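Walk me through this protein, from its overall build down to single residues.

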Amino acid sequence: MDLDVFVTAHHAEWDRLDHLLRRGRRLTGAEADELVALYQRAATHLSLVQSSAPDPTLTARLTHLVARARATVTGTRRASWRDATRFLTAGFPAAIYRTRHWWVPTAVLSIAVAALIGWWIGSHPEVQSAIAAPAELREMTRPGGQYETYYSSHPAASFAAQVWTNNAQAAAMCLVLGAFFCFPVLWILFLNMLNLGVAIGLMSSAGRLDVFLGLVIPHGLLELTAVFVAAGTGLRLGWTLIDPGPRPRRAALAQEGRAALGMAVGLALVLFVSGLIEGFVTPSGLPTWARITIGVAAELAFLAYVYILGGRAARAGDRGDVEETDRSAELPTAG
């Protein structure tokens, strides 16, 4: 493409678009239609310049012009309750549903790792002695010991807030650090499963595994599911860098990244519910069967939310991304 000929042929259109943009809202109906047409043409021109004759000066001018025109054409709007409702009833569950092929295997493998660590520690006294002295182990696992009193060591409200903050940070780290080719997510997940496996092994060796599970299951089902969803989403985000599929890598990462950030907000709400259960139900005087029933009910409600609402929204085309009008324009690429 001859850049000088191209500029000569189209600079009048760009000047006209710039003139209309400077007039702002003082446009007639015909002028507004003209502005939209010129904006579309300028976007096409920018794509041609970027793909065929990437001149820095002209590219910068057209990029600035197209951005101004898009802001004028699409306008701006404030977030509303409609956006929040759509996010909770469609976008968030759809994003989780779409990533189920990542977080469900992540959950299965993680639980298997925790169980394997627990078995290894519980059946090998020499490993237990390497973790702590016998007196310390007895203090942790005895009736009324550290594993039991942990959930009632602080007032319920402050404990729930602390748990929620810690778990939300862990989930956010899994989501964000997934962009670093998956490795940080795997490490965070392993540390969580290691802690769980150590507790299972020590309480099992003391013959009190049933007590430990009765304390962990009420809040742990929903809490661990949220962590697995975050980890699976982070792994998917990291894999997008490696294999973006038919989409350009930048567009694929932007799309999956926006969905992941939205999931961070939604998972914070899920972990808030889990924190309430851990702060008020787990240390309560309710019988074990009642506490476990509450935990199982919360988990089943979450799974129904994902697979019913999320499945329906995903099949309707919702990817958990922001609405199309709120996304940055994606210019066509040269074939």
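Predicted model: local features only at pLDDT ≥ 70, side-chain atom pairs only at ≥ 80, totals over all residues.

Residues are numbered from 1 along each chain as its sequence is written, and side-chain values use heavy atoms, with hydrogens and water left out.

The protein chain has 13 helices and zero strands. Helices here are DSSP runs of H or I with at least four residues, strands are runs of E with at least two, and both are numbered from the N terminus. Of the 335 residues in the protein chain, 41% are buried. Buried means under 20% relative accessible area, exposed means over 50%, and partly exposed lies in between, with a 1.4 Å probe and protein chains only. The chain exposes about 18,000 Å², and carbon and sulfur atoms supply 65% of that area. Accessible areas come from the Shrake-Rupley method with a 1.4 Å probe; for residues, only the protein chains shown count as cover.

How do the contacts run along the sequence? Among contacts between residues at least 6 apart in sequence, 77% join residues at least 24 apart. A contact means heavy atoms within 4.5 Å.

Begin with helix α3, residues 56-74. It has 19 residues and reaches 26 Å from its first C-alpha to its last, close to the 27 Å expected at 1.5 Å a residue. That expected span is 1.5 Å times one less than the number of residues. Leu58, Thr59, Leu62, Leu65, Val66 and Ala69 are buried in α3. Seen down the axis, these buried residues fall within an arc of 135°, so they line one face of the helix. The arc is that of the directions from the helix axis to the C-beta atoms. What do they pack against? Their partners are α1 (3-23) and α2 (29-52). On the other side of α3, Pro56, Thr57 and His64 are exposed.

Next, the interior. A nonpolar core is a set of buried Ala, Val, Leu, Ile, Met, Phe, Trp, Tyr and Cys residues joined through side-chain atoms within 4.5 Å. The largest one has 53 residues, of which Ile96, Tyr147, Leu196, Leu202, Phe212 and Leu267 touch the most other members. Elements that give two or more residues to this core include α4 (81-98), α10 (183-205) and α12 (249-281). Helix α11 supplies the largest share, 13 residues. A second, separate core of 17 residues includes Trp14, Tyr39, Ala43 and Leu58.

Helix α7 shows another one-sided pattern. Its residues Leu137, Met140 and Thr141 are buried. Seen down the axis of α7, its buried residues fall within an arc of 85°, so they line one face of the helix. Their cover includes α6 (125-131), α8 (146-149) and α10.

Now the record. An unreviewed UniProt entry lists residues 102-121, 170-191, 211-238, 259-277 and 289-309 under "transmembrane region". UniProt positions are given in the numbering used here, feature names are shortened, and annotations may be inferred rather than shown by experiment. In the model, residues 102-121 are 100% helix and 0% strand, with end C-alpha atoms 29 Å apart. Residues 289-309 are also 100% helix and 0% strand, and their end C-alpha atoms are 29 Å apart.

Finally, single residues. Thr106 sits in helix α5 (residues 100-122). Is Thr106 buried or exposed? At 10% relative accessibility, it counts as buried. Beyond four places in sequence, Thr106 touches Leu189, Phe228, Ala231, Gly232 and Leu235.

His219 is found in helix α11. At 3% relative accessibility, His219 counts as buried. Leaving out residues up to four places away in sequence, His219 touches Tyr151, Ser274, Ile277, Glu278 and Thr282.

Arg98 lies in helix α4 and, at 15% relative accessibility, counts as buried. Setting aside neighbours within four places in sequence, Arg98 is in contact with Arg236, Glu256, Ala314, Asp318 and Arg319. Leu276, in helix α12, counts as partly exposed at 34% relative accessibility.
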